[in-house]
2 protein chains.
Amino acid sequence: MKLSTKGRYGLRAMIDLAIHSKENQVSIKSISERQEISENYLERIIALLKKAGYVKSTRGAQGGYMLTKKPDQISVGNILRALEGDLNPVDCSLINDEKVCSESGLCVTKFVWKRISDSINDVVDNISLQDLVNEQVEIDKSQASR
Amino acid sequence: MKLSTKGRYGLRAMIDLAIHSKENQVSIKSISERQEISENYLERIIALLKKAGYVKSTRGAQGGYMLTKKPDQISVGNILRALEGDLNPVDCSLINDEKVCSESGLCVTKFVWKRISDSINDVVDNISLQDLVNEQVEIDKSQASR
DNA sequence: ACATATCCAACTTATTTGGTCGGATATGAA
DNA sequence: TTCATATCCGACCAAATAAGTTGGATATGT
């Protein structure tokens, strides 16, 4: 029941992009340095985010990545689902309304999985990238004044 | 971000035990037949539940397993944590109140992980085994009358 | 004594995770 | 036009984890 590094690194990369790509293109290399994530691996993660439509790229010198939308229009749920797939605790078609569980006839455990799934999605869909940027700014501020 | 078969099978086994171990010992074999889970594997899963104190065993002929408490005193959270370990989406000591993230200085993603973690635990701690037994009984009833 | 059980460690296999590597392609600037 | 800087992309790889099996020891009611 763990998120993979894709989700963790990817979310950090998106926060980094939100902060740094306001005017300029941001290269993998610079994100990689700030976030201490390997360039090669980060490249693959950002490819997923691009495919999902949350970042756009410019190739060549002075190229890099930018967000496609404002940070308040991208939720943590959008990002995590792009990287991790659905956030259901089980692969279970019945989570979407079917009564019969392939695993063992009628099983009540699906009610549990559904509620977990709903609660996770509710949390992540109600935190925007902007919210995290704001918190990061706050933290940086309080750090600077020490 | 998936639960393993341990969690899924184990919860079903506990529901089965709650329904069938009211008077009699229940053998692995019988659970295995009803739930269509391999005897060998189920044995290992139930060993974890025993270790965690939710089931007790009697060896030898006519032996088997029983719950140690009433089903309304055992939560789904108790069961899942016994089988899956903590239900946090990331292994992050900072989820418990430290400010500094070993991964990359100060990171705001921890607020996200904490909220996910809290919401999952809140859900599973508020569903008891008895709740699931009740739902199962309802389903069986409505099935029987078709 | 024997069938029925749990107990338990060691082993195996398949899948997923977490990357790396090498080269192709694009492009702004010197 | 060349070159450094980028993205793009498929193939590959090692380690960890999940999922399950096997074999035998031990206990116990009949």
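Tyr41(B) is partly exposed, with a relative accessible area of 31%. In this predicted model, Tyr41(B) also forms a ring pair with Tyr9(B): the centres lie 6.0 Å apart and the planes meet at 85°, so the pair is edge-to-face.

**Aromatic pairs**

- Over all chains, a search of the whole structure finds two aromatic pairs.
- One of them joins Tyr9(A) and Tyr41(A) edge-to-face, at 6.0 Å centre to centre and 85° between the planes.
- Tyr9(A) belongs to helix 1 of chain A and Tyr41(A) to helix 3 (residues 39-51) of chain A, so this pair ties together parts 32 residues apart in sequence.
- Tyr41(A) counts as partly exposed, at 30% relative accessibility.
- In chain B, Tyr9(B) lies in helix 1 (residues 5-20) and Tyr41(B) in helix 3 (residues 39-51), so their pair links parts that are 32 residues apart in sequence.

**Extent of the interface**

- Chain A contributes 41 residues to the contact and chain B contributes 42 residues.
- About 3900 Å² is buried between chain A and chain B, and carbon and sulfur atoms give 66% of this area.

- Four salt bridges are found across the interface of chain A and chain B.
- Lys2(B) and Asp91(A) meet through their side chains in a salt bridge, at 3.4 Å from N to O.

**The side of chain A that touches chain B**

- Helices 1, 2, 4, 5 and 6 of chain A each supply at least two residues to this side.
- Helix 5 of chain A gives the most, with 10 residues.
- By class, this side has 23 nonpolar, eight polar and 10 charged residues.

Note on methods:
Residues are numbered from 1 along each chain as its sequence is written. Chains are lettered from A and ligands numbered from 1 in the order in which they are written. This is a predicted model: local features need pLDDT of at least 70, side-chain atom pairs count only at pLDDT 80 or more; totals for chains, interfaces and linings use all residues. Side-chain values use heavy atoms; hydrogens and water are left out. Contact means heavy atoms within 4.5 Å. Buried area is the accessible area (1.4 Å probe) that two parts lose on being put together, summed over both. Helices (H or I, at least four residues) and strands (E, at least two) are DSSP runs, numbered from the N terminus. Ala, Val, Leu, Ile, Met, Phe, Trp, Tyr, Cys and Pro count as nonpolar, Asp, Glu, Lys and Arg as charged, and the others, Gly among them, as polar. Rings of Phe, Tyr and Trp (its six-membered ring) pair if their centres lie within 6.5 Å; planes under 30 degrees apart count as stacked, over 60 as edge-to-face and the rest as tilted. Buried means under 20% relative accessible area, exposed over 50%, partly exposed in between (1.4 Å probe, protein chains only).
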